[in-house]
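Hello,

Here is the structure you will be taking over. Please look through it first; my notes follow below.

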Amino acid sequence: MRQQLSNFKAEFFKALAHPLRISILDALREGELTVNEISQRFAVEPANASQQLAVLRNRNMVMTRKEGANVYYSVSDKSMFKLLDAAKEIFSHHLIGVRSMLEEIHAPASGVGGLGVRVAGRKRVAASRP
């Protein structure tokens with residue numbers, strides 16, 4: 001049972017492993033969209049949008065509703081948005097960590113182990129970026 005769950009999770013995350021699929025899911029927060037609306041919103045060919053939607057549909061992440069000639073896509077489980085929000089929060093925490101590290105690297109040198117340490121008689125100088 002545990003192996004089945006791990007396999008499900010792996011396949012689930014594989015379906016999320018494309019930036020357009022993530023963008024589509026985020027866009028579906030606002031409600032149903034057609035392939036043409038998605039292709040226009042993200043400036044991709046309708047065939048590309050359809051291909052990405054098919055991956056999401058095969059993983060039961062989106063569902064369809066047909067009305068006349070139009071097929072409308074929506075998220076099949078609203079908790080998908082919680083997952084996307086959690087990923088965004090993790091990304092934000094990562095950026096905060098990177099920012100702190102960069103601030104530490106570019107901070108004025110002070111004390112042992114800082115950028116002010118002399119190496120072979122020369123003072124180490126941090127590269128500055130514009």
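A residue counts as buried when its relative accessible area is under 20%, and as exposed when that value is over 50%. Keep in mind that this is a predicted model.

Confidence first. The average pLDDT is 85, and 83% of the residues score at least 70. Residues 114-130 stay under 50. For that stretch the model has 15 contacts beyond four places in sequence. Where pLDDT is low, the predicted coordinates should not be read in detail.

Now helix H4. This helix covers residues 46-58, 13 residues in total. From first C-alpha to last it reaches 18 Å, close to the 18 Å expected at 1.5 Å a residue. Ala49, Gln52, Leu53 and Leu56 are its buried residues. They sit on the same side of H4, because they cover an arc of only 100° around the axis. Their cover includes helices H1 (2-15), H2 (19-27) and H3 (35-41). Strands E1 (62-67) and E2 (70-75) are also part of that cover. The face turned away from the buried side carries the exposed residues Ala47, Gln51 and Asn58. Just after H4, Asn60 takes a positive phi of about 60°.

Last, the aromatic rings. Ring centres must lie within 6.5 Å to pair, and by this rule there are two aromatic pairs. In one of them, Phe12 and Phe13 have ring centres 5.5 Å apart and planes at 90°, so that pair is edge-to-face. Phe12 counts as buried, at 17% relative accessibility. Phe13 is partly exposed, at 47%. Ring pairs join Phe8, Phe12 and Phe13 in a cluster.

Best wishes

Technical notes: Residues numbered from 1 in each chain as written. Predicted model: local features only at pLDDT ≥ 70, side-chain atom pairs only at ≥ 80, totals over all residues. Heavy atoms only, no water. Helix = DSSP H or I, 4+ residues; strand = E, 2+ residues; numbered from the N terminus. Expected span 1.5 Å × (residues − 1). Buried < 20%, exposed > 50% of the residue type's maximum accessible area, 1.4 Å probe, protein only. Arc of directions from axis to C-beta. Contact = heavy atoms within 4.5 Å. pLDDT = per-residue confidence, 0-100. Phe/Tyr/Trp six-rings, centres within 6.5 Å; stacked < 30°, edge-to-face > 60°.
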